[in-house]
Amino acid sequence: MAGFSALAVAPASAETLIKVTQGDDYAYLDAETIDAVYVCDVEADGHGVYVKVWKRSGYS
């Protein structure tokens, strides 16, 4: 299973988006608000993807 980890904490702009990749799979979030996290499983390899986000106040 592929995984992503991002360390991070208004509308998203290019300056505040964080994108992480594993092969062709990817995840992204707005580093200022972390209101939403998007993860995309692009590879047809039978392996799912997930994303973990840590905020200064703790794991989310």
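Author: Let's start at Asp25, which sits in strand E3, covering residues 25-30. Strands here are DSSP runs of E with at least two residues, and helices are runs of H or I with at least four, both numbered from the N terminus. Keep in mind that this is a predicted model, where local features need pLDDT of at least 70 and side-chain atom pairs count only at 80 or more, while totals for chains, interfaces and linings use all residues. Residues are numbered from 1 along each chain as its sequence is written, and side-chain values use heavy atoms, with hydrogens and water left out.

Now, what surrounds Asp25? Asp25 is buried (under 20% relative accessible area, with a 1.4 Å probe and protein chains only). Even so, Asp25 has no salt bridge, meaning a side-chain nitrogen of Lys or Arg within 4 Å of a carboxyl oxygen of Asp or Glu. The nearest side chain of opposite charge is Lys19, and that is 11 Å away; Lys and Arg count as positive, Asp and Glu as negative, with His and the chain ends not counted. What Asp25 does have is a backbone neighbor: a polar atom of its side chain lies 3.0 Å from the backbone nitrogen of Glu43.

Stepping back, the protein chain has 0 helices and 6 strands, so from the N terminus the elements simply read β-β-β-β-β-β. Of its 60 residues, 25% count as buried.

Terms used:
Buried < 20%, exposed > 50% of the residue type's maximum accessible area, 1.4 Å probe, protein only. Polar contact = N/O pair within 3.5 Å; in protein donor to acceptor, adjacent residues only side chain to side chain.
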